[in-house]
Amino acid sequence: MRELPNIPVTRLARRVIARLRGLGHEALLAGGCVRDLLIGRTPKDYDIATSALPDQVEAAFAHTVSVGKAFGVIRVLDDELRELAVEVATFRHDGPYLDGRHPSSVSFTNAAQDAARRDFTINALFLDPETSEVHDFVGGLADLDARLIRAVGEPRQRFEEDKLRLLRAARFAATLNFEIDDATLAALTEMAAQVRVCSAERVRDELEKMITQKGASRGLRLMLQTGLMDAVLPEISAMVGVQQPPQFHPEGDVWVHTMLAMDLIEHPCTITLALGVLLHDVGKPPTFDDSTDRIRFNGHDHVGTNMTGEILTRLKFPNEVIERVQSLVADHLRFMNAEKMKTSTLKRWLRKPHFDEDLELHRIDCLAGPGTLETWHFVRRKQAEFAAQPESLRPKLPIDGNDLKQLGLPPGPRFKELLSALEDEMLEGRVATRDQAIAFVRQAMAGPANAS
Ligand code: ATP
Ligand code: MG
């Protein structure tokens, strides 16, 4: 066992455990944090399991939040840094699961029974931070050594109780780079379709954890192989076997390209980039067309943008995420034209919020195929060039609506058109001063309405 990291949340966890013990209760680190400590990862958060009842936990600390009192879970906040917290859960035994997701009742019990209600053996370990002793009731230590995800108890029954565990198995296998034990994998494969009973939010949270961390493509392959993908993201399953023109994609079909792309993501990464990479070619299967000289996917960016909206809405991602990912998918082919774009068009595009994610998706898309990074370098050079004179990307217009009125133009939609045309001229570097702006507007007003 390596030393516990000396970080504030660890110190809080130690203090909470010492306090509970001082009051005569049993208290141990439990679950994911123990697993992570034993394999040398820094835990994201700490969970403590205790014999103290929820009321006793609340009474023992000045600042607590009851986050799931029915399940015996109390959040204990640090006295000074209130954003720092650990979760303290009373040892519990789950009653029958009736809805495929939650126990209908719980009863408070001992550590051994608490281990038995947990999902996988590697998640069912307890650790005494004072002695570094591990309490292992389910063979979790051996499975950590063997790098195996194994259900606690009978896999079919454990998946039957809570179908989210089906997806969690794939997620842990991916993120930890573990194998799934044979019996657990067989049950998972048999029951994968039942993951559909889980709420979209829970599925979304597991998927997010899977695809934003290293090992994402492994998790996605496991999802495909077990049938979880068909249940959760059939649009991704549809990529398998969709051939691409070999001169542009010698790496293989749309699925192979997408998995190579997932492997090229640098971590930590945002959920928007991860989803953008996963979905950038989701419009290819329905637009596949080999009726001409070569395979084409005309309009796959547009079709993919709509599909992305449907998929992410179904999975209840926040609107901001949906819009950003849709925009990544919609624009991923624009790079092909970047070097031929008018300067004003290029500048307007580079002003797009979060453009760096578009650029990163382009880099990944190229490297997952035979594409060169020429355009990527071109855009980076242009970005640097424009950044040196920020005014050139966002010029301040030297005239406004009042000036247009004075020039004799009646207010109306033509105002916006003219000012936008003027901005183009400035972005192109053809107009800089107020006099030049007025001259441009006079000339445009003299011409036909759509001449701008
Ligand atoms: P992560 O690093 O993603 O937080 P974790 O193992 O801590 O992984 P959590 O979802 O935070 O996962 O849950 C904490 C612990 O609670 C798990 O390690 C496991 O022991 C138990 N647990 C969580 N979800 C389930 C479930 N659906 N069924 C059974 N036990 C679960
Ligand atoms: Mg956790």
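Which helices each supply at least two residues of the shell around ligand 1? In this predicted model, the helices that do so are helix 2, spanning residues 32-38, and helix 7, spanning residues 164-176. Of these, helix 7 gives the most to the shell around ligand 1, with a contribution of 4 residues.

The shell as a whole consists of 16 residues that surround ligand 1, and the closest of them are Arg 35, Asn 123, Asp 162, Arg 165 and Arg 171. When the shell is sorted by class, 12 of its residues are charged and 3 are polar, while 1 is nonpolar. At least three residues of the shell come from domain 1 (1-142), and at least three come from domain 2 (147-232). The space that ligand 1 takes up is the largest pocket of the model.

Several polar contacts to ligand 1 can be described individually. An N or O atom in the side chain of Asp 162 is placed 2.7 Å from a nitrogen atom of the ligand, whereas a polar side-chain atom of Arg 168 lies 3.0 Å from an oxygen atom of ligand 1.

Most residues other than glycine have a negative phi, and most peptide bonds are trans. Ser 132, which is located in the loop between strand 8 (126-127) and strand 9 (134-135), has a positive phi, near 65 degrees, although this residue is not a glycine. The peptide bond that joins His 267 and Pro 268 is cis, with omega at about 0 degrees, and Pro 268 is found in the loop that runs between helix 13 (254-263) and helix 14 (271-279).

How values were computed
Residues numbered from 1 in each chain as written. Chains lettered and ligands numbered in written order. Predicted model: local features only at pLDDT ≥ 70, side-chain atom pairs only at ≥ 80, totals over all residues. Heavy atoms only, no water. Near = heavy atom within 4 Å. Polar contact = N/O pair within 3.5 Å; in protein donor to acceptor, adjacent residues only side chain to side chain. 1 Å grid on protein atoms, 1.4 Å probe; cavity = no way out; pocket = protein on both sides within 12 Å on 5 of 7 lines; lining within 4 Å. Sits in = over half its atoms within 2 Å of the grid points. Nonpolar A, V, L, I, M, F, W, Y, C, P; charged D, E, K, R; others polar. Domains from an automatic or database assignment.
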